[in-house]
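Subject: Structure for you to look at

Hello,

Here is the structure I said I would pass on. Please open it first, then read the notes below it.

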Amino acid sequence: MTRDSDARYMSQALTLGRRGLGRVWPNPAVGCVITKRGRVLGRGRTADGGRPHAETEALAMAGAAARGATAHVTLEPCSHHGKTPPCADALIAAGVARVVVAVHDPDARVAGRGIEALRDAGIEVETGMLRVRAETDLAGYLMNRRVGRPRVTLKLASSFDGRIATATGESRWITGPLARRTVHAMRARHDAVLVGAGTARADDPALTVRGLGPMPQPVRVVAARRLDLPEGRLAETLDQGPLWLCHGSEATGDRRAAWRDRGARLFECPVEHRQVDLADMLGQLGAAGLTSVFCEGGGTLASALLGAGLVDEIVGITAGVALGAEGTPALGAMGLEALADAPRFDLIESRPLGPDLMHRWQVQRQSAA
């Protein structure tokens with residue numbers, strides 16, 4: 001098989017894997033394509049909820065024809081026994097002759113053991129095929145395993161002059177319908193949606209994915225130091241998706257019990273500067289299995305995440321409207337005195353969304369957490 005063919009089939013596997021983003025945590029969103037003599041025999045991705053794994057799905061489709069075939073897998077096949085048998089063992093048992101892997105798995109339970117098991121069984125293994133693209137798709141999982149926290153994307157939808165509401169608090173709608181639909185699609189590709197207590201109180205959001213048909217809902221996460229939240233749409237929609245509340249020690253027992261009885265999951269975090277310790281919070285969320293978080297504000301939480309170096313990507317959606325200095329700024333105070341101390345980002349994409357402009361920025365490596 002030529003390198004061009006390997007790249008083509010790996011590209012197909014990556015496309016399959018991306019369909020699982022936001023749906024498979026705590027597992028990675030992996031894709032697998034099995035081929036022989038230029039013919040695709042089986043395709044699979046990690047199933048919603050994390051099981052079955054991509055290799056198992058593709059092998060089931062290929063059946064006995066997998067013997068002597070090549071498997072293109074976006075992440076090193078697992079080698080440990082969990083709730084399902086190791087994928088490396090499944091590939092060996094199926095009799096594949098060759099496995100092409102995009103990215104090594106940094107999980108301590110795998111970390112090269114999957115590739116080693118395949119080679120020990122006499123299977124030819126090639127690694128690094130479309131590695132950069134795979135690392136982009138798997139960035140949240142890789143960050144969870146390497147750093148211990150989920151990857152954080154901060155969304156800032158604002159007026160041309162960086163305001164998210166008028167002086168009276170009016171904010172619906174600064175951006176147009178296509179931008180709002182795009183935000184729902186972004187929510188769907190993340191494991192969780194995060195807001196601060198101020199946004200929860202002011203906007204009474206549901207934080208669910210709407211308008212895109214039936215699908216698994218992301219975890220709704222609220223950072224609320226005192227758990228002083230209204231029992232509005234978040235409480236009313238607990239049957240639609242999980243609700244996780246991150247609070248400090250000063251949250252009263254009554255408030256904790258009330259939310260726990262409703263079905264919310266609570267995480268107690270240390271408090272710094274009258275705010276939940278965000279690094280600790282993200283560490284707990286990572287330990288609970290989240291690999292990607294989509295933060296939708298408000299300004300205080302957004303500026304705190306930026307100031308702590310905990311933002312990996314910013315999605316800006318700018319509307320062609322100006323609200324003036326009296327409007328509510330998209331970011332709260334950051335205490336910066338020198339321009340050199342400001343977090344900086346590299347532009348990776350920009351495109352119109354109807355009358356609005358979306359721009360995506362990735363953190364510069366020197367500012368990374």
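This is a predicted model.

Five strands make up an open sheet, and their order across it is β2-β1-β3-β4-β5. The pairing in this sheet is mixed. At its edges are β2 (39-45) and β5 (124-127), each of which pairs on one side only. On average, and ignoring direction, neighbouring strands are turned by 15° against each other.

To see one of the pairings in detail, look at β4, which covers residues 98-103. β4 and β5 run parallel and are joined by 4 bridges.

Next, find helix α2, residues 54-62.

The largest pocket

The largest pocket holds about 1,300 Å³ of space. Its lining has 47 residues, and those nearest the centre are Thr 199, Asp 203, Glu 296, Gly 297 and Gly 298. Which element supplies the largest share of this lining? That is α8, with 6 residues. Among the other elements that each supply at least two residues are β6 (151-158), α7 (177-188) and α12 (299-307). Sorted by class, the lining of the largest pocket has 20 nonpolar, 14 polar and 13 charged residues.

The second largest pocket

The volume of the second largest pocket is about 1,100 Å³. It is lined by 41 residues, with Thr 136, Asp 137, Ala 139, Arg 151 and Glu 313 closest to the centre. Elements that give two or more residues to this lining include α5 (131-137), α6 (139-147), β15 (313-318), β17 (345-353) and β18 (356-363). Of the contributors, α6 gives the most, with 7 residues. The lining of the second largest pocket divides into 17 nonpolar, 11 polar and 13 charged residues.

When you compare the two pockets, look at β6 and α7. Both elements supply at least two residues to the lining of the largest pocket, and both give two or more to the lining of the second largest pocket.

Regards

Methods: Residues are numbered from 1 along each chain as its sequence is written. This is a predicted model: local features need pLDDT of at least 70, side-chain atom pairs count only at pLDDT 80 or more; totals for chains, interfaces and linings use all residues. Side-chain values use heavy atoms; hydrogens and water are left out. Two strands pair if DSSP finds at least two bridges between them. Axes are lines fitted to C-alpha atoms, for helices over the stretch in contact, and angles run from 0 to 180 degrees between N-to-C directions. Contact means heavy atoms within 4.5 Å. On a 1 Å grid over the protein atoms alone, a cavity is a set of points where a 1.4 Å probe fits but cannot get out, and a pocket is an open set with protein on both sides within 12 Å along at least five of seven lines; lining residues have an atom within 4 Å of a point. Grid points are joined across faces, edges and corners, and a volume is the space filled by probe spheres set on the points. Ala, Val, Leu, Ile, Met, Phe, Trp, Tyr, Cys and Pro count as nonpolar, Asp, Glu, Lys and Arg as charged, and the others, Gly among them, as polar.
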